[in-house]
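Please take a moment to look over the chain below, and then follow the paragraphs with the structure beside you.

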Amino acid sequence: MAIASPSAPNFCCTTRSESTHRRLWSQQVSSRAGSKRVSIRPGISSRLNASSDGELVYELNYNSQRRRRGAFPVYVTLPPDAVGPTAQTMSRKRAMAQSFRALAAAGVEGVVMEVWWGLVEREFPRSYNWRGYLEIVEMAKRFGLKVRAVMAFHQFGSGSDDPFWIPLPLWVLEEMDKDPDVSYADRFGRRNMEYISLGCDVLPILHGRSPIQAYSDLMRNFRDTFKPFLGGIITGIQVGLGPGGELRYPSCPTHKLTWAWRNLELGEFQCYDKACANG
């Protein structure tokens with residue numbers, strides 16, 4: 001879903017076949033309404049032109065009238081460490097402010113904000129901390145940018161040595177330690193802790209709640225917390241459904257994530273946990 005922002009120029013992409021060329025131009029547009037002078041902020045659009053030899057040329061131009069037919073807004077994904085390890089505050093606030101200012105000046109429509117379950121509900125069930133994410137949304141509003149939220153219920157990174165390491169909530173990992181069948185397993189019993197097994201989706205394994213109920217409670221709390229921004233600043237929400245945010249089985253056991261890039265061994269089906277086997 002794409003919603004145009006009236007407060008920031010639109011960054012659009014279209015395609016067409018033409019001779020190879022590159023150009024960039026801008027103009028100051030203004031109009032008079034009675035005694036008032038109204039400035040119109042030009043919107044940026046981009047084209048990907050194909051020359052006769054197949055070379056693709058990127059073209060930027062300003063369009064103050066309307067978004068071209070077939071064009072679409074561009075959103076830039078924020079880094080995974082955009083908030084601190086406890087989601088208490090935004091990371092590198094001054095650098096982020098400069099980045100947001102540059103994105104707005106470039107005509108980008110908005111940013112994609114990944115909301116990590118392992119940060120928001122880190123310590124205890126039903127104890128949510130949204131402060132860092134609220135700061136991001138408020139900063140986006142200040143610079144005239146939109147926000148799309150991605151609800152991430154999986155781990156990020158390959159292990160504790162990864163500088164961007166974001167595990168599942170600590171209390172969820174404790175339940176996985178108590179009952180290994182909460183996590184995925186291959187035929188040799190090797191576990192993958194990236195995401196709770198889909199076979200457990202409706203089982204009350206998380207302090208009396210099922211994973212689906214835990215996900216729903218977090219998203220309901222997100223809705224209540226960010227209600228003033230929904231539909232205006234926050235224009236879209238995407239929900240992750242598995243490892244890497246994708247509806248799939250993991251590709252390998254957890255311990256192989258750190259060295260899979262240099263191992264020629266093929267992956268194993270991660271569907272041999274008790275819940276999957278009984279399903």
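Ile237 counts as partly exposed because its relative accessibility is 47%, where buried means under 20% relative accessible area, exposed means over 50%, and partly exposed lies in between (1.4 Å probe, protein chains only). Ile237 is found in strand 11, and together with Leu230, Val239, Leu241 and Leu247 it makes a nonpolar surface patch of about 420 Å². Patches are made of residues with over 30% relative accessible area and no salt bridge, with like charges joined within 9 Å and nonpolar side chains (Val, Leu, Ile, Met, Phe, Trp, Tyr) within 5 Å; the accessible areas come from the Shrake-Rupley method with a 1.4 Å probe, and for residues only the protein chains shown count as cover.

This is a predicted model, in which local features need pLDDT of at least 70 and side-chain atom pairs count only at pLDDT 80 or more, while totals for chains, interfaces and linings use all residues. Residues are numbered from 1 along each chain as its sequence is written, and side-chain values use heavy atoms, with hydrogens and water left out.

The chain has 6 helices and 11 strands; helices (H or I, at least four residues) and strands (E, at least two) are DSSP runs, numbered from the N terminus. Strands of a sheet pair through backbone hydrogen bonds, either parallel or antiparallel. Here 4 strands form an open sheet in the order 6-7-8-11, with parallel pairing, and two strands count as paired if DSSP finds at least two bridges between them. Strand 6 (75-77) and strand 11 (234-239) are the edge strands, each of which pairs on one side only. From one strand to the next, the twist averages 25 degrees, where axes are lines fitted to C-alpha atoms, for helices over the stretch in contact, and angles run from 0 to 180 degrees between N-to-C directions.

Strand 6 pairs with strand 7 (residues 110-116) in the parallel sense over 3 bridges, and Val76 stands opposite Val111 in strand 7. Helix 3 (residues 131-142) packs on the sheet, where it touches strand 7, strand 8 (146-152) and strand 11, and its direction makes about 175 degrees with that of strand 7. Helix 5 (residues 211-225) also packs on the sheet, touching strand 7, strand 8 and strand 11, with a direction at about 160 degrees to that of strand 8; contact means heavy atoms within 4.5 Å.

Phe156 lies in the loop between strand 8 and helix 4 (170-178), and it is partly exposed because its relative accessible area is 27%. Not counting residues up to four places away in sequence, Phe156 touches Pro80, Trp116, Phe164, Trp165 and Ile166. The C-alpha atoms of Phe156 and Gly244 are separated by 7.5 Å, although the two residues are 88 residues apart along the chain.

Side chains of opposite charge can pair when their charged atoms come close. A salt bridge is a side-chain nitrogen of Lys or Arg within 4 Å of a carboxyl oxygen of Asp or Glu, and by this rule the chain has 12 salt bridges. One of them joins Arg190 to Asp186, with the closest N and O atoms 2.8 Å apart; Arg190 is partly exposed, as its relative accessible area is 24%, whereas Asp186 is buried, with a value of 2%. Glu121, Arg209, Asp217 and Arg220 are linked in a network of salt bridges.
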